[in-house]
Amino acid sequence: MTPADLSRCVVRAVRCAVADGELAAGAAVPERVVVERARPGGVGDYATPVAFQVAKAAGRPPRDVADVLARRLGAEPGIEQVEVTGAGFLNFVLPAPSAPALVADAISRDVRGRAAHAVPAAPADASGLGLRERVVRRSVQRLLYVQDATTAPEHLPECPPEYLPDVPVAPVARRDGDVVARYGADAASWAMLATPARETPSFSDEQLLVQSEAGEFFRVRYAHARSRALVRNAEQLGFRPEAGEVDDAAALLRLLADHPLVLEAAAHHRAPERLTRHLVELADALLDFQYRVLPQGDEKPSAAHRARLALAEAAGTVLAGGLALLGMDAPERL
């Protein structure tokens, strides 16, 4: 079970508990449950506050609702452990992620095409919005649209709705009004989106202009470019990516497994900064992993090299999709 599967599994557990009478018939069954990585020092790998969403309509304390759901979820294959903590938080331990499953998931979830069509060229209600409002709201619109496309594509309109979500946004300071001219559209947008919407972004960081791994925005795009370079170099050596188990990429596997949850949480909270943080972590893990992908010295390409290459390519696909959701390009060469 992947973390994204876990979110759907929790929704199903709530629905079945209501249908079987374990929870009151009037209890609201959420369409989507946000499952997030447990905080440092917390219990298990992942956690969700879903019991608090359901408790009021169910007429029971959140802890009681969580106990009902924990009994059901504990019997689900692919969940190693379920524990209720605090006033009603559900905490989960999942098996270590499988590299082939994550590679397949990254390919199937490639959002670049959908992200490109998620924002109309001239939204009807964009007039009068400031630069940062447009950047943040369009990113949120992409996140919401892609989540709908992932969970319920049959309900999507043929064209995306011409609206910008109402996200309270602190404006760019007047003295920073020429940020696009100074930093370029993508780098300026990164600075705006990496800062929580209610906070004012600072453009005093010259790292936005530096083309080196010292800058987070550069690192994310560079990591994507490196993934493409690895594929090109492998072709010159006569081999191509082929999904398989990878036993020396724990951090990269964990971050790829978490990516669908990050997208859900970023859409749910209208918080694209969650996505920027995740992309930086993923880029750092890929840049560390890249040195183990290609054969070294007299080594011949092996199944292990093909599997590592498939994982690196999948990570690059996820980075490119994340940048597209932020409204940014992912160059193949830097």
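User: Which backbone oxygen lies 2.8 Å from a polar atom of the side chain of T276?
Analyst: That's the backbone oxygen of E273. Keep in mind that this is a predicted model.

User: OK, and where does T276 sit?
Analyst: T276 is in helix α11, which covers residues 272-289.

User: Is T276 buried or exposed, and why?
Analyst: T276 counts as buried because its relative accessibility is 2%, and the cut-off for buried is under 20%.

User: What does T276 touch, leaving out residues up to four places away in sequence?
Analyst: T276 touches W190, L193, A194 and L326.

User: New topic: how many aromatic pairs are there?
Analyst: The count is three aromatic pairs. One of them is W190 with F217, a tilted pair with 5.6 Å centre to centre and 40° between the planes. This pair links distant parts of the chain, 27 residues apart: W190 belongs to helix α8 (residues 185-194) and F217 to helix α9 (residues 216-237).

User: Are W190 and F217 buried or exposed?
Analyst: Both W190 and F217 are buried.

User: What about the rings of F218 and Y222?
Analyst: Their planes are at 15°, so the pair is stacked, with ring centres 5.5 Å apart. F218 and Y222 both lie in helix α9, four residues apart, which is about one turn of the helix.

User: And how accessible are F218 and Y222?
Analyst: F218 counts as buried at 14% relative accessibility, while Y222 is partly exposed with a relative accessible area of 22%.

Notes: Residues are numbered from 1 along each chain as its sequence is written. This is a predicted model: local features need pLDDT of at least 70, side-chain atom pairs count only at pLDDT 80 or more; totals for chains, interfaces and linings use all residues. Side-chain values use heavy atoms; hydrogens and water are left out. Helices (H or I, at least four residues) and strands (E, at least two) are DSSP runs, numbered from the N terminus. Buried means under 20% relative accessible area, exposed over 50%, partly exposed in between (1.4 Å probe, protein chains only). A polar contact is a pair of N or O atoms within 3.5 Å; within protein, one must be able to donate a hydrogen and the other to accept it, and residues adjacent in sequence count only if both atoms are side-chain atoms. Contact means heavy atoms within 4.5 Å. Rings of Phe, Tyr and Trp (its six-membered ring) pair if their centres lie within 6.5 Å; planes under 30 degrees apart count as stacked, over 60 as edge-to-face and the rest as tilted.
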